[in-house]
Amino acid sequence: MGEMLRAAMAIAVKDLAVEWRTKTALVSSLAFAVLVLAVLFFARDPTAVSAVDVAPGALWVTFTFAAMIGLNRAFLMERENRALDGILLAPVPRTALFLGKVAANLAFVAAVEVVSVPLFVLFYDVPLWDRLPALALVIGTATFAFVVVGTLLSSMVVRTRFSEIMLPLLLLPFLVPPVVGAVQVTARILAGRPLSEAAGWLRLLLAFDIVFFAISTLLFTATLDE
Amino acid sequence: MLRAEPVLAARGVSRRYGHRRVLFDVNLEILPGQALLLVGPNGAGKTTLLRVLAGLLRPSGGSVERRGSVSMVAHHSMLYDVLTARENLRFFARLHGVARQRVDELLEQLGLAPRADERVAAFSRGMTQRAAIARALLPDPELLLLDEPLTGLDDASSRVVLDVLAALRDRGRAMAIASHQLAELMGLVTAVGFLKEGRLLAVEPTDGRGTDSIMGRYRSLMAHG
């Protein structure tokens with residue numbers, strides 16, 4: 001177990017180092033996040049719709065699509081020079097590769113979210129700071145959900161010719177439950193309602209995390225076979 | 001005299017890509033210290049066979065038994081262009097549980113030490129290939145599989161690679177090399193395997209035979225085998 005976690009950590013650190021060198025996905029994701037938050041803000045008629053009604057949807061549309069840019073690149077970097085073969089030849093369990101990729105993707109999406117949340121507060125003027133722990137909880141659980149499924153699907157589509165298009169097509173249906181759940185919980189948090197009102201949605205998010213983490217971990221090794 | 005245990009034994013190996021069969025009933029043993037050259041025309045199945053032997057491809061039929069670690073140098077470097085040679089090797093060393101000191105030794109041995117902190121993207125074909133070989137040698141493998149290891153290399157780079165491989169063979173390590181460059185590899189290899197249309201027609205020791213003799217046998221097998 002320790003060996004697998006060490007290998008997973010090495011893979012995550014390598015992925016982040018590669019991303020830090022190029023910054024292509026990070027810059028694209030951040031630019032996308034700023035653009036979506038701004039466009040949705042200016043598209044709203046403030047006399048007809050209050051900011052707090054639009055804000056949860058805007059936040060999760062931003063997170064979901066910005067994350068997809070990062071998830072796409074997770075295995076593309078392994079396709080170049082067939083570096084994936086080098087990892088597969090090493091005496092580490094293939095699950096370590098999945099865990100490493102999930103860890104790197106979580107770090108990547110978290111970085112995008114850390115930059116996006118202050119912008120979100122700035123644009124939508126939502127009272128957030130006292131509700132930050134609750135919002136962090138829902139962001140964490142929902143992000144884990146789409147990163148886990150996205151990492152699995154990214155490994156499946158990377159050998160296809162149109163992987164950049166295939167990933168969103170396959171991933172979006174899986175994202176409906178966690179994103180709807182996250183929007184529902186976020187709406188209640190921003191409206192100042194108690195978190196207990198959204199307990200059902202939070203349970204759904206947690207159940208999604210557990211079930212899809214288990215399924216994705218089991219299925220991942222099969223996606224590596226040519 | 002006791003015969004050494006093979007480091008790799010392939011029995012009845014076949015491989016399909018969809019409906020197309022590219023390997024048929026391949027039986028092969030590779031012994032410690034053996035340097036086997038696999039020759040055959042393009043599309044004979046050399047690369048597929050090496051990938052099956054390495055464990056990167058699952059055989060459609062038959063089995064491959066490996067004793068000890070297996071490493072591979074392929075057409076592609078298996079390295080990350082944006083990382084330096086040292087960073088690449090340190091990453092793979094961590095996966096193999098190999099000490100950092102081994103990375104420095106290999107960089108030195110393959111003549112990469114002066115440019116070890118440059119990105120692989122800035123390397124020439126010869127330097128990239130040497131870095132790929134350094135990656136493959138990290139775990140000091142019992143068996144090294146090489147796919148066209150000399151392609152695109154100039155004489156100096158070829159010499160470095162051949163010297164490293166000869167030293168490896170002399171230490172009792174086994175290797176299988178798929179290549180068309182018979183003449184360059186004759187001083188290294190100890191046996192030749194002839195592949196045609198996915199079938200391993202024969203595996204014969206070189207026994208001091210020259211390139212012309214091996215080429216004659218190759219032509220004969222390809223024409224009538």
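## Surface and burial of chain A

The accessible surface of chain A comes to about 10000 Å², and 73% of that surface belongs to carbon and sulfur atoms; such areas come from the Shrake-Rupley method with a 1.4 Å probe, and for residues only the protein chains shown count as cover. Of the 226 residues of chain A, 50% count as buried, where buried means under 20% relative accessible area, exposed over 50%, and partly exposed in between (1.4 Å probe, protein chains only).

## Basis of the model

This is a predicted model, in which local features need pLDDT of at least 70 and side-chain atom pairs count only at pLDDT 80 or more, while totals for chains, interfaces and linings use all residues. Residues are numbered from 1 along each chain as its sequence is written, chains are lettered from A and ligands numbered from 1 in the order in which they are written, and side-chain values use heavy atoms, with hydrogens and water left out.

## Fold of chain A

Chain A has 8 helices and 0 strands, these being DSSP runs numbered from the N terminus (helices H or I, at least four residues; strands E, at least two). The C-alpha atoms of chain A fill a box of roughly 60 × 35 × 30 Å, taken along the principal axes.

## Backbone with positive phi

Asn81(A), which is not a glycine, has a positive phi of about 60° and lies in the loop between α3 (51-79) and α4 (83-89) of chain A. In chain B, Asp25(B) has a positive phi near 45°; Asp25(B) is placed in strand β2 (residues 20-30) and is exposed, with a relative accessible area of 51%.
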